[in-house]
Every structure is written in C-alpha cells, then in structure tokens.
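Let us walk through this structure step by step.

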Amino acid sequence: MPLTVLASLLYTVYEQLSEAGYFQEYFGYSCVDAGNVSGKLGGDIEAALLFHLRRKSLWPFPEKFKDLSEDKLFDLVEFLHDHISKPIDGYHHAFAQCGWHYHTFDAKTGQADYRERVNLLLESYKDGFEISEQGEVRELPQPGTAPLLAANLPSSDVNVSSRVESAIVKFRRYQSTASDRRDAIRDLADVLEYLRPQLKDVLAKQDEADLFNIANNFAIRHHNTQQKSDYDTSIWLSWMFYFYLATIHAAMRMLQKKSQV
C-alpha cells in the first residue's frame, strides 16, 4: 500500500470516528447555539499539536492529512490514539440537526476501537506495522516470533522484566535505527549479565562463555579495534535480538525449574 493511500484511508477512519463523537472529549465540538465548544486540548488545536508533537502544519486535518510524510503520519496516528475516547452519555441537540453532544467517555474502549480499525491498514503498509496498546507504532513481528514477543517471563524481578520489555519496545519502534537496535540488544545482554551468577548453576561453562561472546565481540557492548563490525546489520542485529530474547526466556525457565526441585 503506498503512503498516500494509507494516509487517505487513515483519514477516513479519523473522519468516521470523529462523526461518531470519539474525539469530542479532547477536540470539542461545534454547536449551532454555543458555537465552538472546546475539549480538553483547548480551543487552539494547532497549538496543541505543536506542543505535543513539536510539529507544525498538521491542522486542519482535512487539508493536511493526505500529504504527510511517513514520520508525521505515524506521529499523528499515535497522537490520535492518546486523545480518543468512546462517547458514553450525552444529549441530542435537535435544533437545526445539531447532533449529539457528549459529556461522558470511555478512553480504554475508544482506544481499542481505534487500534482495531487502524491496524487493519497499518499491517498492509510496507512490511507491516501496528499500533500497540501503549499507543506506539511499531513493526509487526517477524514470521514465527510473535509467540516469543508475547510470552510472559516467569520473573517478578523488575531488573529482568522491565529491561526486557523496554528492549522489545526500543527494537520494534518504527523509527528505530541500527544504533537503537544495538542498544536493545545491549539491554538484553545486560539482563543475562545480571542473571549470570545464577546461570552458572544451570549452564555448562562453555555455553555461558558463548552467550556473552556475541555481545562482547560484535560491536554491541564494547567499541575497540578488536570488534567485528563489518556485518549486515539489517540481518544480524535481528538475529542477535531474537537469539538473546529466546535465551533469556530459556534461562528463566531453567532457573524456575531448578528452584522447584
């Protein structure tokens, strides 16, 4: 799907949800009696967009939406996710067919409805994207990796779980660079380093050394003349990331099994 088609279809989604009142809480509404009634973003939406996104020329949407760059479009997709809510209660202003004016909203349901519609479009753009429950546009998982990314780590240690979750977000973010992806791999290697004293009881000495050889000698954790850096990052960084993520899951399950003996 070309970017221009994606933008056009995303605007259609915005327009449909807007007509259904999903953006009234933040964007306000127009009334034949009261005029323009401001929402939580205030009366100057262009200023609100500039404040939140640090971007100009995004408002009004009908004139701007279809000509946006990929970065601007994805920023806007995330912004709309953060400022949408399903209308629950209000009143119908019948005069001059003014329409519904809402005062009670459900953000969680509104965001879920938004994601359902938007993800049907994002998955068909390039290699596929999605907007997460946290409202971040990210690449779709590579074939076969979705169960690994969705699996829960058997650990209540925030030094493990929060670091792993942060690394996944960093690696899959749509704007992630090779440097960002190295950082994500480094975070996973640091988790294994944190677990290293415990892993000595469940791994052979050579297996333990091999785990850290990749991060230490392929320009991930160190930067010196001995590092091997002449590899295709588009291929091997992905391999390293999923290798370390799978290894952490395996290690945590081995430790869990040992603790139950």
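A crossing is left-handed if the near helix is turned anticlockwise from the far one by less than a right angle, and right-handed if clockwise. Helices (H or I, at least four residues) and strands (E, at least two) are DSSP runs, numbered from the N terminus. The model is predicted: local features need pLDDT of at least 70, side-chain atom pairs count only at pLDDT 80 or more, and totals for chains, interfaces and linings use all residues. Residues are numbered from 1 along each chain as its sequence is written, and side-chain values use heavy atoms, without hydrogens or water.

Begin with helix α5 (residues 70-82) and helix α6 (residues 107-122). Their axes come within 9 Å and cross at roughly 160°. Axes here are lines fitted to C-alpha atoms, for helices over the stretch in contact, and angles run from 0 to 180 degrees between N-to-C directions. Angles under 35 degrees count as roughly parallel, over 145 as roughly antiparallel, 65 to 115 as roughly perpendicular and the rest as oblique. So α5 and α6 are roughly antiparallel to each other. Their crossing is right-handed.

Which residues meet? From α5 come Phe 74, Leu 76, Val 77, Leu 80, His 81 and Asp 82; from α6 come Gln 111, Tyr 114, Arg 115, Val 118 and Leu 122. Contact means heavy atoms within 4.5 Å. The residues of this contact divide into 7 nonpolar, 2 polar and 2 charged. Ala, Val, Leu, Ile, Met, Phe, Trp, Tyr, Cys and Pro count as nonpolar, Asp, Glu, Lys and Arg as charged, and the others, Gly among them, as polar.

Helix α5 also meets helix α1 (residues 3-19). The axes of α1 and α5 come within 11 Å and cross at roughly 20°. That makes α1 roughly parallel to α5. This crossing is left-handed. Leu 3, Leu 6, Ala 7, Leu 10 and Tyr 14 of α1 touch Glu 70, Leu 73, Phe 74, Val 77 and Leu 80 of α5.

Now take Val 137, in strand β6 (residues 137-139). Is Val 137 buried or exposed? At 0% relative accessibility, Val 137 counts as buried (under 20% relative accessible area; exposed is over 50%, partly exposed in between; 1.4 Å probe, protein chains only). Beyond four places in sequence, its contacts include Phe 74 and Val 77.

Last, confidence. The chain has a mean pLDDT (the predictor's confidence in each residue, from 0 to 100) of 84. Confidence is highest in α6, at 97, and lowest in helix α10 (residues 205-217), at a mean of 63. Where pLDDT is low, the predicted coordinates should not be read in detail.
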